[in-house]
Amino acid sequence: MGMTPHQPIYHPAFECASREEIRARQLVLLQEQLAWAYERVPYYRERFDVIGLKPGDIRTHEDVRLVPLTTKEALRETYPYGLFAVPLDQIIRLHASSGTTGKPIVVGYTREDIEHWRFCIMSIAQMAGVVPGDRAQMAFGYGMFTGGFGLHYGMEGLGCMIIPASAGNTERHIMMIEDYGTTVLIATPSYALHICEVGERLGYDWKKSQLRVGLFGGEPCPPKLKREIESRMHIHCTDNYGLTEVMGPGVSGECLSSRDHQHIVEDHFYWEVIDPKTLEPLPENAAGELVLTPLQKQGIPLLRYRTRDLTSVTCEPCACGRTSARMKKVRHRSDDMLIIRGTNVYPSQIEDVLASIAGASAYYHLTVDNESGLDRLTLDLEVKPEAFSDSFTEMDAFRRAVADRLKSVLQVGVAVKLVEPGSIERVMGKTQHVTDSRP
Ligand code: DLL
């Protein structure tokens, strides 16, 4: 066992075991999962057979690199049910993720998968300081998106009162928070900020609410945004991570001791970090692309799934008492990198620059076009109400200061347009920060 925990831990036998025990158990589960996929999914069997690999050949952690990687294209090519490993009458739930183009990807869960999912959510909720008896208000939509139903059943499982408000109707959310004594808000961080703003506009005093924990996820939650929500809503914001392909929410979560990392639920997810170019595995603490293999999936096993999310993983024990590996918070994906006139730009770099400028709000939108034959990057930036001025000279000086700072960090010129507070669209789900209209 690891250190003595100072807060309730959902399953100490898994979450506080020694690294050797965790790794040994993972290997056994992984071997079973490889056999499950090989025996039941023709797609995997063919890919193994082509390279002469049998599930039994994977005897050590080092051998895992022999297993072919799986990408989103595999789910697209086999749409909708081609990667399912059980007959459809054993699938009790479908979810889907709407890609930006083409058909969504579809995932199916058996009864046992749903039980496991619940376990994962209970683990990450307790990491965030949620306890039985909490009143948890759902601001994710209930639908094909995994966020709503996934967290719903986990919170119920933990013994919380779930308030299934769903996404939208922001004023009603605020009324419910007040009237029902909500203690936990489940939302994307951008929607939480919007709820906060609308409350302030209506004159609601957030200090009066019983809200204690923000259980956020589904999109990056940059530190500045987190601090802002915390100070305005008087809550503790946490952020959990997951993706539809491997389950949904419940892959990893932030505990009360480690604010820039999330504990991976290692009994259910085998993690690797690879170099996205060479595809070679990287050592602990090295930054690269996260590759996940769900360890106990029946409905749709995914072997070495390339998430495209960029992170690093540490196995250092955490002050919370958990010994599970921790992934650094995902700030960007390999596929959201923009190439502007040959220079690589991540939207998160722009966020970091804006975070260092007093007066710049968290609301921005980037547009990339090529109308003149040259890539052009335009930033619409909302100014904080307290920094907004009627003086053209002052606003123009502020605009130029933002553009200069961006140019020096990104090495690319950005046309900055200041827009009025409240003018950038507020969303109830994930914010799309970029419109790329280049041909
Ligand atoms: O967003 C699952 C989820 C729902 C997680 C609710 C947490 C809470 P997808 O719609 O398939 O699934 O999107 C998955 O969103 O690959 C990341 O790029 C991004 N993402 C999700 N959570 C985080 C997070 C759900 N906490 C994709 N931080 C992932 C950063 C996140 N990025």
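This is a predicted model: local features need pLDDT of at least 70, side-chain atom pairs count only at pLDDT 80 or more; totals for chains, interfaces and linings use all residues.
Let's start in a loop: asparagine 169 sits between strand E4 (161-163) and helix H7 (170-180).

- Asparagine 169 isn't a glycine, yet its phi is positive, near 55°.
- With 48% relative accessibility, asparagine 169 counts as partly exposed.
- Arginine 341, also not a glycine, has a positive phi of about 45°.
- You'll find arginine 341 in the loop that links strand E15 (338-340) to strand E16 (343-345).
- Arginine 341 is partly exposed too, because its relative accessibility is 43% and that class runs between the 20% and 50% cut-offs.
- Tyrosine 79 and proline 80 are joined by a cis peptide bond, with omega at about -10°.
- Proline 80 belongs to the loop between helix H4 (72-77) and strand E1 (91-97).

**Around the ligand**
- The ligand has 22 residues around it, and the ones that come nearest are Asp239, Asn240, Thr244, Asp309 and Lys430.
- By class, that shell holds 7 nonpolar, 9 polar and 6 charged residues.
- Strand E7 gives the most to the shell, with 5 residues.

**Polar contacts and burial**
- A ligand nitrogen is 2.6 Å from a side-chain N or O atom of aspartate 239.
- A ligand nitrogen is also 2.7 Å from a polar backbone atom of asparagine 240.
- Arginine 333 has a side-chain N or O atom 3.1 Å from a ligand oxygen.
- On its own the ligand exposes 610 Å², and the protein buries 92% of that.

Terms used. Residues are numbered from 1 along each chain as its sequence is written. Side-chain values use heavy atoms; hydrogens and water are left out. A residue is near a molecule or strand if one of its heavy atoms lies within 4 Å of it. A polar contact is a pair of N or O atoms within 3.5 Å; within protein, one must be able to donate a hydrogen and the other to accept it, and residues adjacent in sequence count only if both atoms are side-chain atoms. Accessible areas come from the Shrake-Rupley method with a 1.4 Å probe; for residues, only the protein chains shown count as cover. Helices (H or I, at least four residues) and strands (E, at least two) are DSSP runs, numbered from the N terminus. Ala, Val, Leu, Ile, Met, Phe, Trp, Tyr, Cys and Pro count as nonpolar, Asp, Glu, Lys and Arg as charged, and the others, Gly among them, as polar. Buried means under 20% relative accessible area, exposed over 50%, partly exposed in between (1.4 Å probe, protein chains only).
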